[in-house]
Amino acid sequence: MKINQLDARLSLVHFYVAFGSILFAGLLGLVQTLVRSELITLPSWINYYQILTGHGVVMALVFTTYFIFGFFYASVAKSAGEFTNRQRKAGWIGFWLLTIGLVLAAVMIALNEATVLYTFYAPLQASPFFYIALALIIIGTYFGAYAVISRYRLWKKEHPGEKTPLLAYMAVATLVLWLIATIGVVAAVLFQFLPWAFGWTDTINVALTRTLFWYFGHPLVYFWLLPAYMAWYVMVPKIIGGKIFSDQLARFSFVLFILFSIPVGFHHQLLESGISEGWKFFQVILTFAVILPSLMTAFALFSTFEIAGRQKGGKGLFGWFKKLPWGDVRFLAPFLGMLIFIPAGAGGIINASHQLNQIVHNTVWVTGHFHITVGGTVAVTFFGISYWIIPHLKGRILTKKMNKIGIYQTVLWAVGMGIMSSAMHISGLLGNPRRTQVTSYNGHEVASSWGAYEMAHAVGGSLLVISLVLFVIVLINLAFFAPKGNEEFPIAEELNPTQQTPNWLENWKLWIGIVFALIFIAYTLPIIDIINNSPPGSSGFKYW
Amino acid sequence: MLHMHKFEKIWMIVGVITLISFLTIVGVQAFSKAEGEGHHGAPSDMTLVDPETVTETAPFNEPGLKQIGENEYELVMVLQSYGFTPGDIEIPQGATVHIKATSIDVVHGFEIAGTSANMMVTPGHVNSMTYTFDKKGSFLILCNEYCGTGHHFMSTNLEVI
């Protein structure tokens, strides 16, 4: 069954912007590594922190969001059926709002009116149009979320009593997480940043902005990760000729991700005044609960691999491992993503624990951490998806030659990211700070050991950009030049199709109720404290 | 109900036990009342200060190093883009130093590179932590939160003598 052409087009425009964005932001990233390692100096009309703002905003908010919505539209249209005209229209409105927001943000950053980095911490004050741009991007996603969720509900109406398609369920779960998470940043932008940037209020409550930002900022990383999990749970088993290990546990792990990724933002604020130690530790406990669905996912995936490998004749304890399709980029890329997630997840555990965070907080270790999570695990999985989804949507095929270049591209990315993020992790342990143009500190002896690592960032960054250029070349081929045909949209079947999936997993009122209860417990008292015991607010500063 | 494979149950039970032990250790260390070695709580000072009048408010009207006991000091610091006041600090070896800091403008980070002395300094709030300088040598204090285009110049030297 082919995807309706109108839905395919909606999905494709999102992918095109995503691919353009990652290439552009990747180049900015390379420039940063070259400046930090003092291989180049920037011309006077642009500054390092402007480039850093552009890199962060475009990678974290633009590339990911466009890719994820492109992927959701295709997945939902494929698994739950074509969108209605009204839903598709909402998708397009979402696309244009996102795009207007993207252009406006880009203009503000380019004009040096918003050199506040992608976390836009107050009281650094950007042009109000930068905050409007962020608001537009988020409002745009609400239209997209409406399209996806409303298609899912329509499917339920069309198929009373049946279990919903797993892909559509997972897309909806991810969007439920997104909708609840964005409440924080929307509140901060609408009620704090905009009135302050327009001059309607003189001062801003800094601690509150930071708390609202991180209420959003942590689930944001799960918004990136869960689409990768969709590919791991549903598509990878099909690609390797296997089955989904357990439909019900896959759904349950997504539910757990919703519950345990939101009321946890304080672990980003462990070193901050104004929030008591007890509340910090409470949220640290909730943070660690997210390990449970991660362990379930790891078990399910490796069971799928083993079962599929043994069916193909793999013998002995690890013989099945060799039987996996290593030469198929559609498998290799997401597999590398899973592999990278093992050290990446361990790094996350380090960051969220009091004592260890004390050493690494705001050092370039943290930069290394999110470069192997979102830049490693999520990005390579997205590469793997792109290699079949683009030809599928365009009625073309992934040729052997493109598959081969894809493998080089993916491995090059993993190597480049490995070099860069290892150097970041190690020099972070030595104290090297993140978000800093140069780190020589007038030749201070403590900083002298960091130079070699900065050089390694530049080497890694160069490999990453070469990899991105290859990626875009292959995708242009797959979208416009590859032979016509029908590339498979891989959706695996269940291992035990007769196993019942409990109805309560689709009881969204229940899950949303629980997550709000958790948020209420974890945030109400500390936020009341931040508001009631707030210092005189801060006026805006424009230090660039 | 959910059906879970036997091996997966074992896997999850081992995972949960590991997790609980890990969190227990983190929690005990974070909340231990023992001074020095035992306590590793996160810097969470609740003291407020008006960011506009920091330099007129005690103790920040007199930033600097003050001896308050036998080899025990209080270091009061004011942070602003792009500097630390006081700069170029000298501390005797083995001294326990109670650091108190605030910002008069934007958010800064206080980090003594290569040590566990690390905290956020947000305007309107005082943040504080205690660190014992056991080793002699030159230490680098730097700002580890972006605070403007001169951010990478924001540093000073701390000499343990």
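Tutor: 57 residues of chain A are in contact with 58 residues of chain B, where contact means that the C-beta atoms of two residues, placed from the backbone, lie within 7 Å. On the chain A side, α6 (206-239), α7 (247-261), α8 (277-289), α9 (291-311) and α12 (354-360) each supply at least two residues. The biggest giver to that side is α8(A), with five residues. Helices here are DSSP runs of H or I with at least four residues, strands are runs of E with at least two, and both are numbered from the N terminus. Sorted by class, the chain A side has 31 nonpolar, 20 polar and six charged residues. For those classes, Ala, Val, Leu, Ile, Met, Phe, Trp, Tyr, Cys and Pro are nonpolar, Asp, Glu, Lys and Arg are charged, and the others, Gly among them, are polar.

Some housekeeping before we go on. The model is predicted, with pLDDT of at least 70 needed for local features and 80 or more for side-chain atom pairs, while totals for chains, interfaces and linings use all residues. Residues are numbered from 1 along each chain as its sequence is written, and chains are lettered from A and ligands numbered from 1 in the order in which they are written.

Take α7(A), one of the helices at the contact. Its 15 residues reach 21 Å from first C-alpha to last, close to the 21 Å expected at 1.5 Å a residue; the expected span is 1.5 Å times one less than the number of residues. Of those 15 residues, 13 are buried, so α7(A) is largely enclosed by the rest of the structure. Buried means 20 or more other C-beta atoms within 10 Å of a residue's own, exposed means 12 or fewer, and partly exposed is in between, with C-beta atoms placed from the backbone.

Now step back to what each partner looks like. Chain A has 16 helices and zero strands. Its radius of gyration is 23 Å, close to the 24 Å that the globule rule gives for 544 residues, so chain A is as compact as a globular protein of that length. That radius is taken over C-alpha atoms, and the rule is 2.2 Å times the number of residues to the power 0.38. The C-alpha trace of chain A spans about 65 × 50 × 45 Å along its principal axes, and 58% of its residues are buried. Look at its contacts between residues at least 6 apart in sequence: 84% of them join residues at least 24 apart.

Chain B is another story. A compact globule of 161 residues would have a radius of gyration near 15 Å, but chain B has 20 Å. The C-alpha trace of chain B covers about 65 × 35 × 25 Å along its principal axes. Chain B is divided into domain 1 (1-32) and domain 2 (51-160), with bounds from an automatic or database domain assignment. The centres of domain 1 and domain 2 of chain B, taken over C-alpha atoms, are 39 Å apart. In chain B, 37% of the residues are buried, and the share of its contacts at 6 or more apart that join residues at least 24 apart is 56%.

Chain B also has some backbone geometry you'd want to flag. The peptide bond from Ala58(B) to Pro59(B) is cis, with omega near 0°, and Pro59(B) sits in the loop between α1 (6-31) and β1 (64-69) of chain B. Another cis bond joins Ser81(B) and Tyr82(B), with omega about 5°; Tyr82(B) is in the loop between β2 (72-80) and β3 (83-85).
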